[in-house]
Amino acid sequence: MRRPRLVGVASLVAALVATAVLAATAGGRVALLGALVLAAGVLDTRRRLVTLGTVLQCAGVVLAGLTAAGAIVLVLAVAAALLAWDFGQYAVDLAESMADDAITHNAELVRVAGGTLLAALTVGALSLAGLALTVPTVGPVTTGLLLIGSVLAVAGLSD
């Protein structure tokens with residue numbers, strides 16, 4: 001097992017944020033399981049475990065959405081889960097392509113800062129849009145289906 005890189009630690013922190021946001025919802029336990037699987041993937045540099053952990057975290061978000069969790073909770077949890085996936089994949093990429101003693105701190109800092117800034121701006125824009133726009137109320141099934149569609153769209157774009 002290699003020493004975890006900065007971006008790997010950032011991945012674990014993002015996964016814990018998603019889990020903490022969902023802790024009081026029905027999807028909290030699934031998100032926790034996802035965070036544990038993701039942590040195993042980052043520490044063992046196994047890309048499939050990182051992806052599986054993120055899928056489990058997104059399943060926790062969907063479960064929370066189906067049980068009528070608040071929209072901001074869902075948006076924050078999805079943003080944190082996607083950050084965890086992105087940072088985890090980058091950590092695995094670095095572990096596979098670089099020597100253990102390679103100095104990659106600058107690249108990792110740029111990745112973490114840029115991804116976090118983009119996620120924060122996205123969450124902020126969606127939150128402001130929710131305040132400024134009048135959106136009709138939808139049921140929990142519709143919310144869950146929209147979340148599933150969003151996760152599938154992001155997965156399709158990543159390949």
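Biologist: Which residues is valine 7 in contact with, leaving aside its neighbours within four places in sequence?

Modeller: Contact means heavy atoms within 4.5 Å. Valine 7 is in contact with Phe87, Tyr90, Ala91, Leu94, Glu108, Arg111 and Val112, leaving aside neighbours within four places in sequence. This is a predicted model: local features need pLDDT of at least 70, side-chain atom pairs count only at pLDDT 80 or more, and totals for chains, interfaces and linings use all residues. Residues are numbered from 1 along each chain as its sequence is written, and side-chain values use heavy atoms, without hydrogens and water.

Biologist: How do I read the largest nonpolar core, and which members touch the most others?

Modeller: In soluble globular proteins, nonpolar side chains tend to be buried together. A nonpolar core is a set of buried Ala, Val, Leu, Ile, Met, Phe, Trp, Tyr and Cys residues joined through side-chain atoms within 4.5 Å. Buried means under 20% relative accessible area, exposed over 50%, partly exposed in between (1.4 Å probe, protein chains only). Here the largest core has 19 residues, and Val7, Leu38 and Phe87 touch the most other members.

Biologist: Which helix supplies the largest share of this core?

Modeller: Helices are DSSP runs (H or I, at least four residues), numbered from the N terminus. H4 gives the largest share, eight residues. Apart from this core lies another, of nine residues, including Leu74 and Leu147.

Biologist: What is the phi of threonine 45, and where is its place?

Modeller: Threonine 45 is not a glycine, yet its phi is positive, about 50°. Its place is in the loop between H2 and helix H3 (47-66). Threonine 45 is partly exposed, at 25% relative accessible area.

Methods:
Helix = DSSP H or I, 4+ residues; strand = E, 2+ residues; numbered from the N terminus.
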